[in-house]
Amino acid sequence: MYLISPEIKQYKANLHCHSILSDGKKTPEELKELYKSQGYHILAITDHERPRCHTYLTDENFMMITGYECYIRNNPQGKYDAFAREIHLNLFAREPDNIKMICCNETYCHYLRRDNAISELTRVGSERIREYTTEYINDYIRQAKEHGYIVAHNHPYWSMEMEERILSYEGLFSIEMCNYGSYVTNHIEHNGAIYDKLLSVGKRIACHGADDNHNKFPIDSPYSDSFGAFTMIYPEEFTYTGVINAMENGQMYSSMGPVFKEISVNGNKVHIECSEVKHIFMYVGSKTPCNAHAQKGEYLTSVDFEIDDRAQYIRISIKDEKGNWADTRGFFRDEFEK
């Protein structure tokens, strides 16, 4: 049984990106050309509190995903505080022309007010004051899904979210394993530990990587936030609906560079093939994952592991010579024992 088939095509995506419509420095057109020139196939421009359809930029080999980023802070005005907890969510539209604003709160709509564009919105859901509480956040996610979005959790470390809060969220389809814009500034925003906690309590949630780029620095600057984390998506067909369905169903993985070529299961054996890496891990919900390490001067491109009978789930991580990770989602027993 293939968890990642060598026969299916993988498409490279950046699922978190900002343009001049919020606090980014490049136009949507410039962002499309920039990412297309680097071998990407999919881009979601997720401007802050500003849903916008960019599918006029879609072509035969490049797809724009409609969406936006919302945020919820613990004060009525939604003011930024570097020492306060908050949550950011990316909303991806199931239909490309869906630009509904969920639970609009005009105190958060800085960029819409700047451009006198609030009247352009179709506003749906409760518009009460936002609260950084589990109850409010779960209700926000529920309303977003009811109005045609799938919802992802962004940069939990940067947001200073507590573990127990993250474990209490309901209805998310994925969490950012690596948010590269945050990783540039802290080198911590690779969230394998909290992701394993989610899997260990039975959360069926995927993981993905994204740049969260604003392009305030040149591409060749050490402070550049572009091309550092991405998602490889493997839909059944390269259509808007096919890609959204693949995302929601976890047919994708997070990467900072390495790629998976095959992951297959035969009984209690797992076979992994990948690009050249130094380390391969299979996490199973125990204290000690299965692991393989290359000898000095050598690389790993394949390995076989055995699944312990007590394993709650399996997920695979690989790490290359530069320290860049790639991570699958968690696969539960009812998936790989079919």
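Is tyrosine 40 buried or exposed? Tyrosine 40 is buried, at 3% relative accessibility. The model is a predicted one. Its aromatic pairs number 16. Ring pairs join Tyr35, Tyr40, Phe227 and Phe230 into a cluster.

**The aromatic cluster**
- Tyrosine 35 and tyrosine 40 have ring centres 4.8 Å apart and planes at 85°, so they form an edge-to-face pair.
- Tyrosine 35 is buried, with a relative accessible area of 0%.
- Tyrosine 40 also pairs with phenylalanine 230: the centres are 6.4 Å apart and the planes stand at 80°, which is over 60 and therefore edge-to-face.
- This pair links distant parts of the chain, 190 residues apart. Tyrosine 40 lies in the loop between α1 (28-37) and β3 (42-44), and phenylalanine 230 lies in strand β12.
- Phenylalanine 230 counts as buried, at 5% relative accessibility.
- Phenylalanine 227, another cluster member, is partly exposed, with a relative accessible area of 23%.

- Phenylalanine 227 is not a glycine, yet has a positive phi of about 65°. It sits in the loop between β11 (206-210) and β12 (230-233).
- Histidine 187 is not a glycine either, and has a positive phi of about 50°. Its place is the loop between α5 (180-186) and α6 (192-200).
- Histidine 187 is exposed, because its relative accessible area of 55% is over 50%.

**Charges over rings**
- Arginine 130 lies over the face of tyrosine 108, 4.6 Å from the ring centre.
- Arginine 165 has its charged end over the ring of tyrosine 132, at 4.4 Å from the centre.

Definitions and conventions:
Residues are numbered from 1 along each chain as its sequence is written. This is a predicted model: local features need pLDDT of at least 70, side-chain atom pairs count only at pLDDT 80 or more; totals for chains, interfaces and linings use all residues. Side-chain values use heavy atoms; hydrogens and water are left out. Helices (H or I, at least four residues) and strands (E, at least two) are DSSP runs, numbered from the N terminus. Buried means under 20% relative accessible area, exposed over 50%, partly exposed in between (1.4 Å probe, protein chains only). Rings of Phe, Tyr and Trp (its six-membered ring) pair if their centres lie within 6.5 Å; planes under 30 degrees apart count as stacked, over 60 as edge-to-face and the rest as tilted. A charge sits over a ring if NZ of Lys or CZ of Arg is within 6 Å of the ring centre and within 35 degrees of the ring normal.
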